[in-house]
Amino acid sequence: MKDLVEAMESEDATGADLAALPVPEHYRGAVLRAEEQEMFEGVALRDRTPADSVHIQDVPTPEPGAGEVLVAVMAGAVNYNTVWSALFSPVPTFSFLERYARTGGLAARHDQPYHVIGSDLAGVVLRTGPGVRRWQPGDRVVAHCLSVELESSDGHNDSMLDPEQRIWGFETNYGGLAELALVKANQLMPKAEHLSWEEAASPGLVNSTAYRQLVTRNGAGMKQGDNVLIWGAAGGLGSYATQLALAGGATPVCVVSSPQKAAICRAMGAELIIDRSEEGYRFWKDEHTQDPREWRRLGSRIRELTGGEDPDIVFEHPGRETFGASVYVARRGGTVVTCASTSGHIHEYDNRYLWMSLKRIVGSHFANYREAWEANRLIAKGRIHPTLSRSYPLDQVGLAVQSMHRNEHHGKIGVLCLAPEPGLGVRDPGLRVVHHRALNRFRTETPTPTGDERI
Ligand code: NAP
């Protein structure tokens, strides 16, 4: 691996040089083990410990098939799907791999006793499979996580509607929290060259998801002047939703749970902020009963901040705990757009507030090819910025996932895979200088990688 890393970091090395280097037969990756998929049975979700279920292990390097690409991963990122995977909840991901493998052909390789997880990467193309022409060894890339077959016409207008749609590194194997990764060529996009490897790896999944959910007509179709209530505005999705709202001429109303997170939202340019911990909202009186007075209290607070207006859009993902409030506070004719249910997927809301006030609930999931490309373009142009707070070495992925599970993080968490230290990979220092402050808004501590043994 060391030769590969040197070649990738060298300004002089060509794609041909890289193509001439041998590909290692094994590589190190963050894996879950099939034999451990029942290890947390009977343990409450909040008490499960990803540091125990995520292992760093050698796995055999897959040969890229037709339309596939093997990428040397310089950095990856932790996503909430990494948390679900590591908790084996709601179901162990091995069931996804088995189902995918049953579709046959190249998919059969994905059913293994290990699952290499991770749905983001920034790196360098190492080998291309038959039929790949757009990408060559040496290309510096990021990968989005949409894996589709496109053999059915259902997905031809919107690739998210493909019946064989999967999230790479969650519902497929050979993900991005590893030294190498296998992707379909259509997942690749150019790396933003003013960013380091770990910065470039961090926005992909959440930025694309927030882009579809909030901006495009497949989601809420946000327009100038809209008020957008954003739950978890300093978290993964929320930190991009906040930037997209500001960049699109809308007004974010950011909900967070600490003064530090409120300060981060202000640094992004948001002015209307609600600290849900400080204001102590309790939408549920007990496990079964919601408290509409608390919905009204939140609605009044939003009106106080906006000068009497209700949210045109509510950007939902906490799910059960907040959904009743979200439906209540959306304006007459407004949209609640949801892509997740972190606190529970059985939602309850008072339907009178939906139909009588002509509101809509829209479901959204990741982003189609085009949306992912457009979201990446905003990153490359420096219109939207990575929200990386901290990077961990590959050895410590389990701890990184645990910190997201405990909601201790801000923005995104990066992982150094082949990159020997943070800060490498920048080829456009000029653009970086312009955006220096924005790039550091989320930073907390960057631990020093453990050293040479990783490469
Ligand atoms: P994240 O980085 O953990 O951010 C989520 C934020 O939501 C947290 O920082 C927290 O912010 C807030 N939050 C958590 N529980 C809450 C609750 N009970 N009430 C109110 N706010 C709460 O995670 P993420 O990456 O943004 O992902 C969020 C969810 O979306 C996850 O379930 C993930 O699996 C899902 N997701 C789905 C897709 C998709 O394509 N469908 C894509 C990405 C993510 P505060 O504590 O500051 O309020």
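This is a predicted model: local features need pLDDT of at least 70, side-chain atom pairs count only at pLDDT 80 or more; totals for chains, interfaces and linings use all residues.
**A guided walk through the model**

Let us start with two strands: β1 (residues 26-33) and β4 run antiparallel and are joined by 3 bridges. Strand names here, like helix names, come from DSSP runs numbered from the N terminus (H or I with at least four residues for helices, E with at least two for strands). Two strands count as paired if DSSP finds at least two bridges between them.

Residues are numbered from 1 along each chain as its sequence is written, and side-chain values use heavy atoms, with hydrogens and water left out.

Back to the strands. In general, strands of a sheet pair through backbone hydrogen bonds, either parallel or antiparallel. The open sheet that holds β1 has 3 strands in the order β2-β1-β4, with antiparallel pairing. Because β2 (55-60) and β4 (114-116) each have a single partner strand, they stand at the edges, and one side of each is left without a neighbour in the sheet. From one strand to the next, the twist averages 60 degrees (axes are lines fitted to C-alpha atoms, for helices over the stretch in contact, and angles run from 0 to 180 degrees between N-to-C directions).

Strand β1 also holds Arg-28. The C-alpha atoms of Arg-28 and His-55 are 9.9 Å apart in space, while the two residues are 27 apart in sequence. The side chain of Arg-28 makes a polar contact with the side chain of Asp-395 at 3.4 Å. A polar contact is a pair of N or O atoms within 3.5 Å; within protein, one must be able to donate a hydrogen and the other to accept it, and residues adjacent in sequence count only if both atoms are side-chain atoms.

Another open sheet has 6 strands with parallel pairing, in the order β13-β12-β11-β16-β17-β18. At its edges are β13 (272-275) and β18 (360-363), each pairing on one side only. Its twist averages 20 degrees from one strand to the next. Within this sheet, β11 (residues 227-230) and β12 (residues 251-256) pair in the parallel sense over 4 bridges, and Ile-230 has Cys-254 as its bridge partner in β12.

Now to the ligand. Which residues are closest to it? Of the 25 residues that surround the ligand, the closest are Ser-257, Arg-276, Thr-342, Phe-366 and His-409; a residue is near if one of its heavy atoms lies within 4 Å. Domain 1 (2-202 + 386-439) and domain 2 (207-363) both give residues to this shell, so the ligand lies between them; the domain bounds come from an automatic or database domain assignment. Helix α7 gives the largest share of the shell, 3 residues.

Phe-366 has a positive phi of about 25 degrees although it is not a glycine. Most residues other than glycine have a negative phi, and most peptide bonds are trans. A cis peptide bond joins Ser-89 and Pro-90, with omega about 0 degrees, and Pro-90 lies in the loop between α4 and α5 (94-101).
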